Structure formats: structure tokens, C-alpha cells
Amino acid sequence: MDFVAQLTLFVLAIFLGVELITKVPPTLHTPLMSGSNAISGITVVGALIAAGSDSGMLINVLGFIAVVLATINVIGGFMVTNRMLAMFKRK
Amino acid sequence: MQNWIDIAYLIAACLFVVGIKGLTKPKTAVRGNLLAAAGMGVAAVVTLLNEHIVTYEVIIAGVVVGGLIGAVMAKKVQMTAMPQMIALLNGFGGGASFSVASAEFFRGSANDTVSIIATGAAVLIGAVTLTGSLVAFAKLQELIDGKPMGFPGMKLVNAVLFIGSIVGIGYLVANPGNEMVFWGLVAAAMVLGLLLVLPIGGADMPVVIALLNSYSGVAASAAGFVMGNSALIITGSLVGASGLILTSIMCKAMNRSLTNVLFGVMAEAGEAMDEDEVYAGKVKSTSADEVAMMLETARRVVIVPGFGLAMAQAQHAVREMADTMEAMGIEVEYAIHPVAGRMPGHMNVLLAEAEVPYDKLKDMDTINPTFEQTDVAIVLGANDVTNPMAREDKGSPIYGMPILNVDKAKTVVVVKRSLSAGFAGLPNPLFAKDNTLMLFGDGKGAVLDITTALKEG
């Protein structure tokens with residue numbers, strides 16, 4: 001993907017983010033933060049490639065660290081968000 | 001094949017957007033979170049099809065270790081400790097982006113100007129987020145002193161570290177693959193992260209957590225530029241935008257500019273207000289029985305919780321008191337200031353945990369016009385956010401800070417151990433107002449006593 005296409009995505013996604021997030025009520029701001037932590041665990045995509053490649057030991061070690069950290073974010077983030085949101089659901 | 005993988009990433013990104021949209025209403029929020037999780041599943045699975053992945057041992061080991069740690073953290077964490085958990089997750093997000101960008105650097109895949117700059121940015125922002133978040137975690141967990149820490153010339157050191165990092169990235173553009181310079185950049189960024197958060201005081205932590213949340217997103221986006229991965233770019237910028245909005249909400253609620261928070265500038269103290277002058281002879285104290293008698297004749301009561309309430313583990317006691325009042329036909333609502341807890345929305349989660357229905361939790365702009373029709377406002381463990389000086393006294397350091405106008409209620413009951421000052425270190429003239437009664441004592445005990453008196457009466 002060329003740089004301009006990447007930059008276009010980046011800028012448009014920021015505008016989309018601002019539009020979306022301003023509609024989240026203050027009541028849900030903490031789950032929003034833990035949830036956005038979970039989705040920023042998307043770095044796991046790059047981590048998996050580094051951990052599973054055959055480009056040398058250092059790359060695999062860095063990949064392993066990245067997989068561990070990103071997975072903590074993904075699993076921990078989605079689970080704790082779900083735990084909090086369940087409290088808001090019951091009436 | 002690559003096209004299909006990219007389309008799968010697009011689907012994942014859409015699921016994230018739809019998922020966040022779900023978070024705009026409590027009713028759809030659980031489903032939103034699950035949709036986002038499904039998006040993550042899609043992204044992870046198609047990545048495993050990537051042609052560069054040849055072995056799976058390291059991947060499986062990493063996922064098992066990370067998954068276990070994440071699951072245990074999510075299950076065990078106390079709701080009062082949520083800011084610490086978010087701080088850690090921010091740090092791990094930054095650390096993951098930093099590690100991915102480093103791996104790409106050593107693989108030699110960054111060789112054109114754009115991807116080298118993106119690698120440098122991901123390393124710089126990722127490492128700053130990692131060490132900065134660890135300091136924030138340590139402060140919130142009280143492993144280190146929450147007071148601002150620093151030394152003379154700290155700003156200069158920070159400036160040197162930052163400019164040095166930028167120069168280092170420039171050098172890497174000219175001489176791709178120089179490992180010495182790369183490690184220098186890593187070290188500078190890590191020290192910078194420490195030094196940026198150390199001078200920030202405990203009261204400003206909500207802003208810092210929100211800001212680091214934003215950084216972790218931007219770092220992920222930068223990693224996306226390195227790898228040419230659209231899912232990372234889109235998701236990273238969504239998270240970056242989210243953190244930035246929350247940062248600005250927190251700054252506004254605390255009447256601080258972002259620059260002031262970042263550079264550890266406290267508001268200039270105006271003329272020192274003398275506590276004795278504010279309080280002398282004007283403070284009236286009351287008892288739980290008296291409060292209960294007043295509540296019996298009330299039609300509308302607003303409860304104003306602060307973090308002191310959560311520290312006293314009094315959320316359940318408060319809900320029981322509210323239930324008792326509602327059973328007597330009294331309308332009860334909660335007034336939630338944006339900085340009532342220790343991070344955005346924290347107080348709402350703490351009360352939701354105690355099974356307070358979320359539609360009773362009103363934000364500042366909604367509840368403020370209703371105080372005039374409120375018979376009794378009960379302030380529990382909140383202080384600065386009710387200080388009328390923020391509205392009336394132009395010379396006050398907190399002038400302009402949005403507050404809850406509890407003093408407009410017919411009667412205000414403040415439950416508090418003593419007349420001691422809050423984070424802002426200021427006396428609160430609310431305590432000396434004609435319509436204010438102080439109920440001195442432990443928050444939880446006082447609430448239980450009021451409830452008992454209400455039930456007996």
C-alpha cells in the first residue's frame with residue numbers, strides 16, 4: 001500500500017473516531033477505555049508475523065514479547081470490558 | 001490470496017467500528033464489545049495464513065502466556081483498581097507496538113524513507129507509552145509516591161531526549177539499519193517516558209491515563225504504516241482519537257490545560273484563603289437522626305458521590321439508603337462529576353457494581369439545572385467538585401472549573417470526617433453556607449446510620 005493511501009486511511013479513521021467517540025455517554029467512558037485497549041491489541045497481527053517468521057532468533061524473541069503483550073491487551077481488555085458492561089445491563 | 005487477507009482485515013476494522021458504535025448505549029454495549037472481539041478473532045485468524053509465518057511454537061507459547069495473564073487480570077481486578085489496570089494495558093499496547101516495530105527494523109524490512117520514519121515513530125511513541133504507563137501504574141497502585149517528582153533542569157533533559165530521538169530517526173533515514181543508533185533511540189524513548197510522567201501528581205492521573213491511551217493507539221497506527229497493514233492503521237487511529245477526546249474532557253473537567261498537566265504546572269495559588277475565616281462560627285453540624293427526619297419530608301434527593309465513597313467501600317450502603325428512600329416515594333438521583341472517580345467514567349462503574357441502575361446516574365450538565373428543585377443534596381466523599389468558589393471567586397485557583405451546583409439545593413448535607421481540604425488544597429465555602437449541614441464521621445457508618453434511622457422512622 002503506498003504512503004498516500006495509508007495516510008488517507010489514517011486521517012479518515014481519525015475523523016470517524018472523533019464522530020463515534022463523542023457519542024459515547026460519560027457513563028460508559030471506563031468500558032470505552034478498556035475496550036479501546038482491547039482493540040489496540042490489533043498489533044497482535046504484526047506480532048504473530050514476527051513470532052512465526054524464520055528471520056532469526058532476535059526477531060522471534062521480539063515477536064514473542066509482542067504476542068504476549070498484545071494478547072494480554074486483547075483477552076484482558078475484552079474480558080474486563082464485558083465484566084463491566086454486564087453490570088450496566090442488569091436492571 | 002493477499003487480496004482476501006486484506007478484505008478480512010477490512011471486515012475486522014468494520015466490526016471494530018460497529019462495536020464502538022454499540023458502546024454509545026448501555027443496552028447495546030455488551031453486543032458491541034462482542035462484535036469487536038469477533039473482529040479481533042477474524043484479524044488474528046487470517047494473519048496466521050500469512051506467507052511469512054513458518055513456525056507456530058513461539059506463537060502458541062505467546063498466546064497461552066498472554067491469554068492467561070490477561071484472563072486472570074480481567075477476572076481478579078477490583079473495580080476501584082480499574083485505573084491501574086487500564087494504565088497497565090496502555091503500557092502493554094505501547095510495548096507491543098514497540099516490539100513489532102523493532103522486529104521489523106531488525107528484519108530489515110524498513111528501507112524506504114516512509115517506513116523508516118514510521119518505524120522510528122512506533123518505537124518512540126511505543127516506548128514512551130510503555131515506561132510512562134508503568135510509572136502511572138506505580139503511582140496509582142501507590143508503589144511510589146503520588147506526589148510530583150522531578151529535579152531542576154528536567155524539562156531541558158526531556159527536550160534533549162526528544163530532539164535527540166528525532167535526530168536519531170533522521171540519521172536512520174540516511175543510514176538505514178544502524179543498530180547503535182536504533183538502541184540509542186530505544187533508550188532515549190524509554191527514559192523520556194519515565195521523565196514525562198514522574199512529575200505529574202496523583203490528582204492529574206485521569207488525564208495521563210487518557211493521554212497514554214491515545215498514545216498506545218497512535219503507536220499501533222505507526223506500526224501499521226511500517227507493515228502496510230490497513231487494520232492496524234484504522235484501529236490505531238480510532239483508539240488515538242478516543243484517548244484524545246477523553247483527555248480533553250478530563251482537562252476541561254479539571255480546569256487544567258493539557259500543557260499545564262504535561263509540564264506539571266499547578267494553578268497559581270491566589271490570595272491564600274484562610275480556613276478559619278471561611279469556616280469560623282458558620283459551620284453547623286448535624287446527626288444521622290436529624291438527616292433522616294429531613295429526608296422523610298423530602299420529595300427529591302440528589303446523592304453526590306466522590307472517590308472517598310469508594311475508598312470507604314460504601315457503594316452498597318449508599319444504594320441501600322437510596323432504595324429505602326425510594327420505597328418511601330422519594331425521587332433519588334446521583335450527580336456524577338467527570339472527575340468523581342480516578343479515570344473517565346470510573347464512578348459510574350463503581351456504582352453500577354453496587355447495582356445502582358445506570359439511568360439514575362446523571363452527568364453534570366443534566367443534573368445541574370435540577371438542584372434548585374432538590375430538597376436535599378447529600379455529598380459523600382466529594383469536595384473540590386462542589387466548591388462554589390470555582391463559580392464565584394475570580395481570584396481562586398479553581399475559578400472556571402465546572403462544578404456541581406449542590407449549594408442551590410434547599411438543604412445540603414456533607415458527610416465528611418473533618419473540614420480538611422481536597423486535592424486543590426482549598427477551603428470549601430459550601431461547608432459554611434446557611435443551607436449546609438455537616439455530618440462528621442466515617443462515610444459508610446454515616447450512611448448506614450441514616451438508613452437505620454429512616455427505616456425506624
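What share of the contacts in chain B with a separation of 6 or more is accounted for by residues 24 or more positions apart? The figure is 78%, where two residues are in contact if their C-beta atoms, placed from the backbone, lie within 7 Å. The model is predicted: local features need pLDDT of at least 70 and side-chain atom pairs count only at pLDDT 80 or more, whereas totals for chains, interfaces and linings use all residues. Residues are numbered from 1 along each chain as its sequence is written, and chains are lettered from A and ligands numbered from 1 in the order in which they are written.

Chain B contains 18 helices and six strands; helices (H or I, at least four residues) and strands (E, at least two) are DSSP runs, numbered from the N terminus. Along the principal axes, the C-alpha atoms of chain B fill a box of roughly 75 × 50 × 35 Å. Of the 457 residues in chain B, 53% are buried. A residue is buried if 20 or more other C-beta atoms lie within 10 Å of its own, exposed if 12 or fewer, and partly exposed in between, with C-beta atoms placed from the backbone.

The contact between the chains involves 92 residues of chain B and 77 residues of chain A. Among the elements of chain B that give two or more residues to its side of this contact are helix H1 (2-22), helix H3 (57-76), helix H15 (346-353) and strand S3 (361-363). The largest share, 16 residues, comes from H4(B). By class, the side of chain B that touches chain A has 57 nonpolar, 31 polar and four charged residues. Here Ala, Val, Leu, Ile, Met, Phe, Trp, Tyr, Cys and Pro count as nonpolar, Asp, Glu, Lys and Arg as charged, and the others, Gly among them, as polar.

On the side of chain A, helix H4 (residues 57-89) packs against H3(B) at an angle of about 35°, with their axes 7 Å apart. Axes are lines fitted to C-alpha atoms, for helices over the stretch in contact, and angles run from 0 to 180 degrees between N-to-C directions. The contact of H4(A) with H3(B) comprises 19 nonpolar, eight polar and one charged residues. An unreviewed UniProt entry lists residues 57-81 of chain A as "transmembrane region"; such annotations may be inferred rather than shown by experiment. In the model, that span is 100% helix and 0% strand, and its end C-alpha atoms lie 35 Å apart.

The largest nonpolar core has 197 residues, of which A:Ala66, A:Val67, B:Ala122, B:Val304 and B:Val379 touch the most other members. A nonpolar core is a set of buried Ala, Val, Leu, Ile, Met, Phe, Trp, Tyr and Cys residues joined through C-beta atoms within 7 Å. H4(A) gives the most to this core, with 19 residues. Not counting residues up to four places away in sequence, B:Val304 touches residues including B:Ala335, B:Val379, B:Leu404 and B:Val406.

Helix H15(B) is largely enclosed by the rest of the structure, because eight of its eight residues are buried. Among them are B:His346, B:Asn348 and B:Glu353. B:Glu355, in the loop between H15 and S3 of chain B, has a positive phi near 65° although it is a residue other than glycine. With 13 C-beta neighbours inside 10 Å, B:Glu355 counts as partly exposed. B:Glu142, likewise not a glycine, has a positive phi of about 60° and lies in the loop between helix H5 (113-140) and helix H6 (154-174) of chain B. B:Glu142 is exposed, with 10 other C-beta atoms within 10 Å.
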